[in-house]
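Visitor: I would like a close look at one part of this model. Please take me through it slowly, and then show me what else is there.

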Amino acid sequence: MKNIRFDFTCSRQVPFYAHLCNEFLNKAAQNYPHLNLCIGLEQQAFGPFTYFIEALGEQNELEQLADAIAADFPISLWLTDSRIRVIETSTGQQTLLDTGYNQGLSSIPFCPQCYPQLGDNQSPRFGVLSLECPCCHGERQLGPEQKALTLSDIQAMAARLISQGELDLSLTEGLKVSLTPIRSQNEAQSAARPRLLICNPNTLNAHFCVNDEQVLALSSIEKPLICVRPIQDHDRLTLPLYDIGFAHNRMVLVLAELLRQKGIDWLYLTATKSSSDALRPQVTWIDGAFAQINAALQSQFCIQSNDEGKGKQAQPLASFNAPEPLRDGLSLLGYQARWQAHKKSAHLGLLSVTTSSHATSLDEVLNRYHSKEDHTLADAALYAALLDGQMSRQQGAKHAVIIYLSRTFPSQIVSLDGKGETELFFALPELPDNGYEIFHQLETGPQKAIAQKFKSLFPDDYLALLSLKLNGRRDNLQSLWAIAAILIGLNPKDAKLAPNTLSDALNAAAMRYHGSNAPRIDYPLTKGEAHRSLNWCKTLGTVLSFRVAGHSDPTQLAFAMHDSLADYLANWMEHLDLNLGVQQIALAGSEFENEVLCKRIGLRLGKNFPLLINRCLSLEGDNLAVGALYVKNRSLNALA
């Protein structure tokens, strides 16, 4: 007799894993009558979450159970470790786990059991969208319009798409798909990175540069979107980066399979805000696991205070001296964050995050940034990250730093001292909004000589710089990357690209560089009255110097931009460490979608400091709403 435990450790809750554990327990008497089977979930408020199945029995039945678990448990995006081990005593239970199934949280569109039947063109049930699955019950997600669709209907859609070049699925799926890039009258949408639906996963590596982790993520039950670059000199995929994903529901799955049979490997796709495609996660690989960039799902977390027995009521951050959260909650950027004490225990509480239709708008938040010294949102990102910090729970909310790099909000570095007080250490400067002013500042400063040489040696790139318009926020890396892309020579001579596409060009070029050495780009600090900023003219002057000196490899300079920034960040953190004794560094913000930046920061900073990412929340979105509950009385509290 052996007692075996099967562990599935995840960075955030995976309700479908809880559902599968319940399924094995429900069918234990029928399928494994001689095994003593238990299930359980080990969790902390913000992870990790370990779903487990324990079984006591003979070797042959344990092997049958292991084969069944391997076949039935699909890969989750949030799975960080799985293992089988022998245990001495059982800690599981024979009661069902809470799956949130009543809220539809554990249901997925299709699973390994029903996918071969409805998604394989050789199956007699191919295209039967309403196929009942005893495992995932994905048919329950179908609306009346989808249930009414037959295989013939979807075949007619595929034929119409092939003949007309596009297909409007707004009524049933909230989607529009096309064989060619979709042009939008909305300027922001037309400048956005294209989104592709992969119809033929077998040809993925023939078109895109993807690694093993990305392929597994694309195949996971969450069906995320991942930013990747096409292969070099692709004849049709001419932009630097694309967001790609596999079919994410039953109808799209069948349509994609029909198109795959016709030799179509991918489709261009746009989605409405209410579509299932718009709700699926967009993720990035950071510090050894995936994190979600945006968030659209509702979630809740049960918090247990470390102050139990001391007469204090539980608060999510109470155990480490953070500000008391707003009791009435906060509605911010589409998310409603709320903290409520537990009805039955003074030492338990529930932190919930839901989508809100009456949330404070982006403009309302930004209008409150009257002072460049305001670091409210960076503070919110820091507190949200600290919720997941093991060291924070043990030693208190102190001696921490947040590197918050955002495309939408001010990019800042904020420190948290031993008394729990935050201070703005660094903020990216606001760049000029046009190329004329950018070059004017370069040629009227210490970089004058090198700027004039650049103008004479590379007239096309000089003219491209003059035509650059930076719209929206300009105190972010994306704007700096866009300028650098032109200076390096990454702007196509026959195209006038948007700043975000130019930024993508720099990132994609850095991805293509496979060397270990690169020139050092200067990121010198400027000291203001209260915080430091970046002397961006010197940074761009360094780029010009290398270009003029004959560095002909744009990928090396693009990589150098990322590597040198990570190196400077590491130096700045060492400076803060001398003054504060930094114990952990939190990372947040939408700029961390950048694959190369994540990797270089992980290598440079991760050697000396623990990196903290709250993977239960997004890098930018619901984390700000949650963290804002604990921000001291500044601009966001007035929004509650």
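Which residues in α15 meet which residues in α16?

Guide: First, some ground rules. This is a predicted model, where local features need pLDDT of at least 70 and side-chain atom pairs count only at pLDDT 80 or more, while totals for chains, interfaces and linings use all residues. Residues are numbered from 1 along each chain as its sequence is written, and side-chain values use heavy atoms, with hydrogens and water left out.

Now your helices. Helices are DSSP runs of H or I with at least four residues, strands are runs of E with at least two, and both are numbered from the N terminus. From α15 come Phe-439, Leu-442 and Glu-443. They meet Lys-448, Ala-451, Gln-452, Phe-454 and Lys-455 in α16. Contact here means heavy atoms within 4.5 Å.

How do the two helices lie? Two packed helices are described by the angle between their axes and the distance between the axes. Helix α15 covers residues 435-443, and helix α16 covers residues 448-457. Their axes are 7 Å apart, at an angle of about 130 degrees. The axes are lines fitted to C-alpha atoms, for helices over the stretch in contact, and angles run from 0 to 180 degrees between N-to-C directions. The pair α15 and α16 is therefore oblique. Under 35 degrees counts as roughly parallel, over 145 as roughly antiparallel, 65 to 115 as roughly perpendicular, and the rest as oblique.

Next, the rings. The whole structure holds 13 aromatic pairs. Rings of Phe, Tyr and Trp (its six-membered ring) pair if their centres lie within 6.5 Å; planes under 30 degrees apart are stacked, over 60 edge-to-face, and the rest tilted. Take Trp-285 and Phe-290: their centres are 4.9 Å apart and their planes at 80 degrees, so this pair is edge-to-face. Trp-285 is partly exposed at 38% relative accessibility, while Phe-290 is buried at 7%. Buried means under 20% relative accessible area, exposed over 50%, and partly exposed in between (1.4 Å probe, protein chains only).

Phe-454 is buried at 0%. Phe-458 is partly exposed at 21%. The charged end of Arg-547 sits over the ring of Phe-458, 3.8 Å from its centre. For that, NZ of Lys or CZ of Arg must be within 6 Å of the ring centre and within 35 degrees of the ring normal.

Arg-5 is buried, at 3% relative accessibility. It also joins salt bridges. A salt bridge is a side-chain nitrogen of Lys or Arg within 4 Å of a carboxyl oxygen of Asp or Glu. The count comes to 20.

One partner of Arg-5 is Glu-54, at 3.4 Å, N to O. Glu-54 lies in strand β3 (residues 49-57) and Arg-5 in strand β1, so this pair ties together parts 49 residues apart in sequence. Another partner is Asp-7, at 2.6 Å. Asp-7 and Arg-5 are both buried. A further bridge links Arg-5 to Glu-42, at 3.2 Å. Arg-5 is in strand β1 (residues 2-10) and Glu-42 in strand β2 (residues 36-43), so the pair ties together parts 37 residues apart. Glu-42 is partly exposed at 39%.
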